Amino acid sequence: MREQPETQRAEQKDFSERFTRRAFCGLLMAGAALACREGRAAPGANTLAIRAETLYPVSGPPIHQGVVLVREGKITTVGANVAIPPGARTLEVKTALPGLVDPHSYLGCLYETEEGVDAVTPELRIRDAFDRSDPALGRAARAGITTTCIMPGNGNVLAGQGSVFRLGDAPQLLRDYAAQKVSLTAVNAQRNPTSRAGALALLRRAFDSAGKGQAVSSVSQTNLLADFPTSLDERVHALLPILQGERPVFLHAPTADDIENALRLCSDYHLKGCLLHAVEAFEVCEEIHKSGMPVILSPLHYSDNDRTLTNAAQLAKAGVRVAFCSDAPLSDPASLRLSAALAVKFGLPTADALRALTLTPAEACGIADRVGSLSVGKDADLLLLNGDPIALTSRIEGVVIGGNLIRPGGDYAR
Amino acid sequence: MIRLSALLLLITLLAGSVAFAQTVPIALTGARVYPVCGPMLAHATVLIVDGKITAVGPNVTIPGNARRIDLQGATLIPGLVDARSSLFLSEGDIAGNGSPEQDMLDAADLFDQDAAKVLAQGVTTLYLAPGSRGSVGGTGAIVKLHKPAEGSGEAWAEPLKPRAALQCALGLSANGRSSSLDRLNSYEGLRTLLRGAQQYQKAFERYTLDLQNYEKQQKQPPKPAPSPAPPANGAPQAPPPAKPTRPRSVPAQEVLVAALKREIPVRIEAHHTDDILNALRLAEEFHLKLILEAPTECAALAGELARRNVSVVWGPTLPEGPPRLETLRDHPETTATLAKAGVTLALTPNSRSGRASRFLRENAALAVGYGVSPDQALRAITLDAARILGIADRVGSIQIGKDADLVVLTADPWNPAAQVARVFVNGSEVYTAK
């Protein structure tokens, strides 16, 4: 990656990146103020320009010699024949694509992902367990993930509310109640439900009660915990947005029969959302296609069998939108790109693979107006590579989050 | 165990006789050849006679009776070598806590169909690794894959080198917990084992010496009759020397002694800096041929490893599964640091699942993304892996005299579009893409 300084600022290489950036911003502001007063503002001041040999906007076809202009953290221009305003800070790279959007992770909250005493906890907000000092967050950002949706675990039938965070030096909440986690496999020998049929019955009862505005009773509580104080109203408030279609459900449904149950549940209660960790989705891709639901797949690993490795390709062929999630830190955040590469090796078209890391997960999390593609008005989140976006040999040259450049390497663990 | 080994040997001999029975030479022409031992040859021919490579280059004289295969500009690389695989092994075989004499060849189910998937990705030679949870996991074995004749019921592999290395581990956490006391235990445990083996070795050396002396004495002609007058004091005569007793031979000790004699390398998995330093101390104390496995925190020691000629088997490039104490401070860039420092490096998917070996090339490609040069990455899955395994005289490069294990790719090795088109083992075509 080549960087061209825009002004004649004396850049000392041994300054820390942060110091240089701050000093430079100060200089720019001072310069801009001065220029304004004198009535000749440098047009490119406060502008970041990224010129890529190949630019992948994802919302449209790849652009040869594409340019993205960024002002105040937002994308202002995307195109092929864009003049870079004089004075803009310019990054020249081989490949630029949207920052990766991770629709399901436990970043900053692993080990605190569920409240096991009760199977119905839709009021639980996982962001209350979010630890912004978790070193895994820095590792995720350096792996190209710019946005992640942190979610409760799969141990409760209604496990709670996930939130979308933007990564970077200071993680920022993008969407508070992004999705409700519904787990069709939250079976537990110690408390109800003890079977998958029981899980479905419990879900229906919860939706029925909340739909009528009645308190959602805690049928799963053991006698020991009968006096456990729960704010039943909070449950109704947590469930109404999904019953009214304002918030999506992420349905953890690994096997084909779990998926069929999930589809039936969604159709009965008019729920919107997507299927999560749907390992056997390929077996029911026609039904999934009819439902219009996207599928979020677990990251792929070397040890996976052919059924898992070809799942994405078969779904895409059936017209189902596919996204990959990192499940980080349960998997390395870099397995997002590895997953795309392995899926392509097993038949997924490259364009679908790129969409699976960016726009499709952004849509699933309800944040496609902010991130997921390189379009005017969206947040300036970009992944800069030195080669083909799917090739594993491509190295991350930089990650831009909200217009700020993070370089890879350095202290990897943050 | 012995019977199984004998059976395998028989199978090997049979398979070998089939493989080498070919008399028609094969000429692979028009290939972009990556010999790995030298620079790429843009338009070259590789000649195969009786399963061995007999000529490589742009101007090879092709015998009149040779079967010509025009590769039409496709890429030719050596058969890939996985320096740490679980192919043919079950979960129980690699649980760790083994004993030195447990050879993975005796545990391997060489009839496992996963081998077909691995072979189809161009992987032809594998080191079957015991688990490394306890201090000692057992001994690893090296096998070469081949294709059983249709309906023959033959195995998918033949042994290339049984008892290829002693597998050990230092400081691996149990259940995600670890303490300095555990560390000290595993280090002291391994050290005690090796010291015991030293005693064992000495006992045998003493026995050999005593036996030689005894035999020398026995051969000496009987001395002339003793002096007619016995000693006046009537002291009893010294009894005739007894034949020395042979110490009991212990299979586990035999393997450890082979390691002490540097006949086989000792592979130690060690992640933390202190565990790596302990491994280096053991190697120095016992003069071991050391191979480090997955030395997560070795970046600062890269120069030292190169100086001491310690090679490294690294994998997977990205840690798999939930965070473990061992890999919390993992930097995938360390592979590049090692390669640049001149450490002999092998890259492997290193999974507990055997079929994972098919992603040998993908795993090395990831390392390229973290700074290993494309040439070094190719060496790390061919020649350097073979060197670490001690079989570079047979496989790992396209060189005269080596086994004709070759992979035809549709594009350059690191091009993501490159597919395996054909695979040859000992000159026989064992895989052809549909």
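How many residues does the contact take from chain B, and how many from chain A?

1. The model is a predicted one. In it, chain B gives 22 residues to the contact and chain A gives 21 residues. On the side of chain B that touches chain A, 13 residues are nonpolar, five are polar and four are charged.

2. Chain B itself is divided into two parts. Domain 1 covers 1-78 + 397-434, and domain 2 covers 80-146 + 163-174 + 181-211 + 248-395. The centres of domain 1 and domain 2 of chain B, taken over C-alpha atoms, are separated by 27 Å.

3. Within chain B, 23 residues of domain 1 are in contact with 21 residues of domain 2. On the domain 1 side of chain B, the elements that give two or more residues are α1 (2-20), β5 (75-78), β15 (420-425) and β16 (428-432). The largest share of that side, five residues, is given by α1(B).

4. Chain A may be described by its overall fold content. Chain A contains 10 helices and 16 strands. Of its 414 residues, 52% count as buried. Among contacts in chain A between residues at least 6 apart in sequence, 68% join residues at least 24 apart.

Notes: Residues are numbered from 1 along each chain as its sequence is written. Chains are lettered from A and ligands numbered from 1 in the order in which they are written. This is a predicted model: local features need pLDDT of at least 70, side-chain atom pairs count only at pLDDT 80 or more; totals for chains, interfaces and linings use all residues. Domain bounds come from an automatic or database domain assignment. Two residues are in contact if their C-beta atoms, placed from the backbone, lie within 7 Å. Helices (H or I, at least four residues) and strands (E, at least two) are DSSP runs, numbered from the N terminus. Ala, Val, Leu, Ile, Met, Phe, Trp, Tyr, Cys and Pro count as nonpolar, Asp, Glu, Lys and Arg as charged, and the others, Gly among them, as polar. A residue is buried if 20 or more other C-beta atoms lie within 10 Å of its own, exposed if 12 or fewer, and partly exposed in between; C-beta atoms are placed from the backbone.
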